[in-house]
Amino acid sequence: MDESTPECRHWLGDERAYCRAVVGVRRYLPGLRCPLHTPSALVGRPEPRTGPGWPAGAWTTPSPQSASALFDARAVASGKRRAAAHTYRAAQRAVARH
């Protein structure tokens with residue numbers, strides 16, 4: 001067997017050996033599993049349907065920095081967030097302008 005061929009690594013306790021099936025093997029959290037030994041199959045549930053997953057830009061969406069800075073200034077200006085006296089005065093001026 002080729003080392004690059006994925007095989008099921010589920011331990012068969014009764015047989016004291018690994019399954020080693022190569023057909024339909026996929027990676028799961030516990031490791032490589034064949035369709036008979038997936039986490040869902042082992043507890044008697046059907047396999048979950050595959051979905052669209054996360055949107056392509058989900059992790060690259062820029063956050064509105066100006067909005068977060070304004071919210072932070074509001075928290076400082078209201079006294080809900082502690083800050084130095086000069087930062088507190090600057091935040092009060094920034095909030096007063098908006």
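**Close-up 1. Glu7 and Arg9 form a salt bridge through their side chains, at 3.7 Å from N to O.** A salt bridge here is a side-chain nitrogen of Lys or Arg within 4 Å of a carboxyl oxygen of Asp or Glu. The model is predicted; local features need pLDDT of at least 70, side-chain atom pairs count only at pLDDT 80 or more, and totals for chains, interfaces and linings use all residues. Residues are numbered from 1 along each chain as its sequence is written, and side-chain values use heavy atoms, with hydrogens and water left out. Glu7 is buried at 13% relative accessibility. Arg9 is partly exposed at 35%. (Buried: under 20% relative accessible area; exposed: over 50%; partly exposed: in between; 1.4 Å probe, protein chains only.)

**Close-up 2. Arg20 and Glu7 meet in a salt bridge of 2.5 Å, N to O.** This pair links distant parts of the chain, 13 residues apart. Arg20 lies in the loop between strand S2 (17–18) and strand S3 (26–28), Glu7 in the segment before strand S1 (11–12). Strands are DSSP runs (E, at least two residues), numbered from the N terminus. Arg20 is partly exposed, at 43%. The whole structure holds two salt bridges. Glu7, Arg9 and Arg20 are linked in a network of them.

**Close-up 3. The charged end of Arg9 sits over the ring of Tyr18, 4.0 Å from its centre.** The rule: NZ of Lys or CZ of Arg within 6 Å of the ring centre and within 35 degrees of the ring normal. Tyr18 is partly exposed, at 33%.

**Close-up 4. Trp11 and Tyr18 pair edge-to-face.** Rings of Phe, Tyr and Trp (its six-membered ring) pair if their centres lie within 6.5 Å; planes under 30 degrees apart count as stacked, over 60 as edge-to-face and the rest as tilted. The count by this rule is one aromatic pair. The ring centres of Trp11 and Tyr18 are 5.0 Å apart and the planes stand at 75°, so the pair is edge-to-face. Trp11 is partly exposed, at 44%.

Technical notes
Helices (H or I, at least four residues) and strands (E, at least two) are DSSP runs, numbered from the N terminus.
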